[in-house]
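Thank you all for coming.

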Amino acid sequence: MEFKSKNLLSKIATNDGHGENSPYFDGWKAYDSNPFHPTQNPHGVIQMGLAENKLCFDLIKKWILENPDASICTAQGVDKLNEIAIFQDYHGLKEFREAVAKFMGRVGGNKVTFDANRIVMSGGATGANETVVFCLADPGDAFLVPSPYYAGFARDLRWRTGLEIVPVDCKSSNNFRITRAALEDAYEKARTWNVNVKGVIISNPSNPLGTVLDRDTMRSIVNFVTEKNIHLVCDEIYAATVFASPRFISIAEIIQDMDNCNRDLIHIVYSLSKDMGIPGFRVGIVYSFNDEVMHCARKMSSFGLVSSQTQYLLASMLSDDEFVGNFLRESSKRLAKRHHVFTKGLEQVGISCLTSNAGLFFWMDMRPLLKEQSLQGELELWRVIINEVKLNVSPGSSFRCSEPGWFRVCFANMDDETVEIALDRIRTFVLGRENQEPEKSKHWRKKCLRLSFSSSRLYDETIMSPHIISPHSPLVPTRT
């Protein structure tokens, strides 16, 4: 007997809002099907598309070994089982919320004191972002998001909520700075399309740029949302990854000095996944200055609470001032060193990157290597890098960049030996490509034309749809 599977799943479950059919996720699939290993698979794909921070695992391991009573899974801590394993309400453990609030303040330079009673938990930043959107917007409403922006926002913000994203196009000519003019332009476009704009979402430090927002830019954004009476959601999950000046400034610090700011419009998303390098712990935080949003988010958190066992362990770890201070200093030092090794290695073969000082990645400028200055030219180069160079770097179109030829490169998820192998592969590729080009092409390439492909519509599935992207999957052989 045959059974038809049509319509067995909901429209929400089967819509294209997840964004999985994009080069960003296709790169992961290419890595998963042929992962690099120094001895077992030395010619495999090196994962440089995953923003993981593995540089300080040794510090966390050392602390856990020295503090066995912080876990209920040890002989020293098992007596706490009866308290921790039972049901915990939506608020979570008091000591955990207090420790996270203190940590957020310390990461921001102790310029702001965060209220532990406003800490709302979620399953990682993914869940936190969706929770905020659920509280603030109805299906069909939109948020303005400065581009290039995190590729996963398509999933986090849109898939189950029905939200739309209106890109705010930022340009390389001013280092992708968010300007009032760009915000106004995106806002007016949305009004032309009869789309209700509920707010702005920014990431600070930026993913994928690896830069921090300056005080004037942030004040300008706050003034913009205040005047429009729309929300501002600040994704600050890379706050402690800053490894050089200027320092990170939380939106909480900005608004405490602004008299004309409506605090009910300001919300923060935070996580320990990037700053502490523990994404598997699924610790996401919503921090809102709006009481109604906070109460709604807390009710929503029942769908993605952090396990009480994890809360208990991290409460003890983050309350250890000496450990936290040492961890933040050492993490900054190691990130700076790794960033320097990678970017200087690329400079040796003429590849430049956007000047950055934060994050687990950098924004690599490959525009001079494009055969044509277009989206198709970018995707063609990306397929070559995946299939032939065997590096999973993410093309700028995945981050809705309006200029083809930029790539996000993650540098903190591998050991030093793999770094050198990755750099060798890039050098070999670039030098080999230069030797194959006629002099006329080399001269033209050095001009580094800056043409933009259109972004005059909402987050449009014509760019990310499976019908468009599937033929460009790295799993399809590249034609040369």
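**Salt bridges in the predicted model**

Let me begin with Asp58, which counts as partly exposed, at 40% relative accessibility. Please keep in mind that what we are looking at is a predicted model.

Which residue does Asp58 form a salt bridge with? The partner is Arg334, and the closest N and O atoms of the two are 2.7 Å apart. This pair links distant parts of the chain, since Asp58 sits in helix α3 (residues 57-66) while Arg334 sits in helix α13 (residues 321-347), 276 residues apart. Arg334 is itself partly exposed, with a relative accessible area of 23%. The pair also belongs to a network of salt bridges, in which Asp58 and Arg334 are linked with Glu330 and Lys333.

Let me turn now to helix α2 (residues 23-33), where Lys29 and Asp26 both lie, 3 residues apart, or about one turn of the helix. These two form a salt bridge, with 3.6 Å between the closest N and O atoms. Lys29 is partly exposed, at a relative accessible area of 30%, whereas Asp26, at 7%, is buried.

A further salt bridge joins the side chains of Glu164 and Arg158, at 3.7 Å from N to O. Here Arg158 is buried, with a relative accessible area of 9%, and Glu164 is partly exposed, with 22%.

Finally, how many salt bridges does a search of the whole structure find? The search finds 27, and the pairs I have described are among them.

Technical notes
Residues are numbered from 1 along each chain as its sequence is written. This is a predicted model: local features need pLDDT of at least 70, side-chain atom pairs count only at pLDDT 80 or more; totals for chains, interfaces and linings use all residues. Side-chain values use heavy atoms; hydrogens and water are left out. A salt bridge is a side-chain nitrogen of Lys or Arg within 4 Å of a carboxyl oxygen of Asp or Glu. Helices (H or I, at least four residues) and strands (E, at least two) are DSSP runs, numbered from the N terminus. Buried means under 20% relative accessible area, exposed over 50%, partly exposed in between (1.4 Å probe, protein chains only).
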